[in-house]
Amino acid sequence: MPIRSPSLVELHAFLAVARNGSFRKAAEELCVTQAAVSRAVLRLEQELGVDVLARSGAGVRLTPAGAELKRRTEKPVAALEEAALHLRRQSERMRLRLSVVPSLGTLWLLPRLEGFRVRHPEVELEFRQYHHDEDFLREDVELWIAVKQQWPRQVAAQYLVGREIVAVCAPKLAKGVRTPPQLLAKTLLYHSNYPDNWSLWAEAVGGELPARWRGTGFDLVTNLVEAARAGMGVAMVQMCMVEADLAEGRLAMPVPGSASTGRGYYLCRRRALGAHPAAELFSAWVLEQAQAPA
């Protein structure tokens with residue numbers, strides 16, 4: 001009997017576009033180029049002889065034929081993926097080598113990591129040194145969590161956390177502070193690479209920085225957070241770095257409001273990595289953590 005069904009590559013591309021409503025987002029999910037997704041969907045339509053997606057300037061949507069194809073194939077394709085992953089788990093050593101920005105690793109990732117170990121005890125994690133000038137060509141790392149940059153073509157990067165910045169301080173320093181002017185009159189602490197974050201935040205909350213303001217800069221986020229805990233002043237820092245401190249009362253946010261820097265931290269992998277069960281398990285878990293309410 002001749003094979004009449006499309007290939008799994010084409011079905012994966014189609015289903016990813018259907019889930020995301022976008023070729024670009026589908027490419028990010030599958031860790032391939034947008035052109036590769038587009039070609040795969042085109043081959044699928046040519047093989048079936050029908051259009052499964054309607055493309056327009058406003059985006060992409062399913063045609064009636066596409067909706068039926070999605071309904072009939074989504075669960076079987078997911079079942080095949082689960083079966084393949086299960087078999088790989090039995091035959092491969094489940095080891096994952098990570099390279100993570102140290103401050104994010106210390107303040108955000110490590111406090112959560114026991115949850116991953118409990119959920120996936122079969123995965124062995126190894127942390128490798130993080131390089132600030134990373135070219136992502138190293139063979140001793142499968143996944144990176146890196147600061148946003150111009151990603152090389154061989155890298156697939158997905159936003160994780162870190163765009164949102166907030167003003168925090170020790171609870172004793174927060175007493176009596178209710179408005180942006182009251183807060184901005186305090187000693188201001190900042191990351192020495194990003195002193196303009198204070199301007200971003202002040203504009204976002206309707207405040208105004210004092211003329212020729214001065215503060216104290218730190219080249220490490222961990223030191224910046226520690227200075228805020230010690231009561232040295234009010235720190236401008238990414239929300240993800242102080243979630244635990246705020247929840248446990250070590251720090252306070254006397255003036256509500258945040259600003260976006262447009263930067264942040266990204267989960268990265270080489271496009272050539274291919275199927276890697278441990279990387280897929282960790283990626284799904286860490287993205288879930290990033291999307292969970294603080």
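Q: Which side-chain polar atom lies 2.9 Å from the backbone oxygen of Val 141?
A: That would be a polar atom in the side chain of Arg 270. Keep in mind that this is a predicted model.

Q: Okay, and where does Arg 270 lie?
A: You'll find Arg 270 in strand β12, which covers residues 265-270.

Q: Is Arg 270 buried or exposed?
A: Buried: its relative accessibility is 12%, and the cut-off for buried is under 20%.

Q: So what does Arg 270 touch?
A: Leaving aside residues up to four places away in sequence, Arg 270 touches Phe 136, Arg 138, Glu 139, Val 141, Trp 144 and Gln 154. Val 141 is also the residue whose backbone oxygen lies 2.9 Å from that side-chain polar atom.

Q: Switching topic: what's the strand order in the open sheet of five strands?
A: The order goes β9-β8-β10-β7-β11, and the pairing is mixed.

Q: Why is one side of β9 and of β11 left without a neighbour in the sheet?
A: Because β9 (215-218) and β11 (259-260) stand at the edges, and each has a single partner strand.

Q: How many bridges join β7 to β11?
A: Two, and the strands run antiparallel; β7 spans residues 164-168. In one of the pairings, Glu 164 has Ser 260 of β11 as its bridge partner.

Q: What about helices, which strands does α9 touch?
A: Helix α9, residues 221-229, packs on the sheet and touches β7, β8, β9 and β10. Its direction makes about 140° with that of β10.

Q: And which strands does α8 lie across?
A: Helix α8 (residues 197-205) lies across β7, β8, β10 and β11, and runs at about 85° to β7.

Notes:
Residues numbered from 1 in each chain as written. Predicted model: local features only at pLDDT ≥ 70, side-chain atom pairs only at ≥ 80, totals over all residues. Heavy atoms only, no water. Pairing = 2+ DSSP bridges. Helix = DSSP H or I, 4+ residues; strand = E, 2+ residues; numbered from the N terminus. Contact = heavy atoms within 4.5 Å. Axes fitted to C-alpha atoms, helices over the stretch in contact; angles between N-to-C directions. Buried < 20%, exposed > 50% of the residue type's maximum accessible area, 1.4 Å probe, protein only. Polar contact = N/O pair within 3.5 Å; in protein donor to acceptor, adjacent residues only side chain to side chain.
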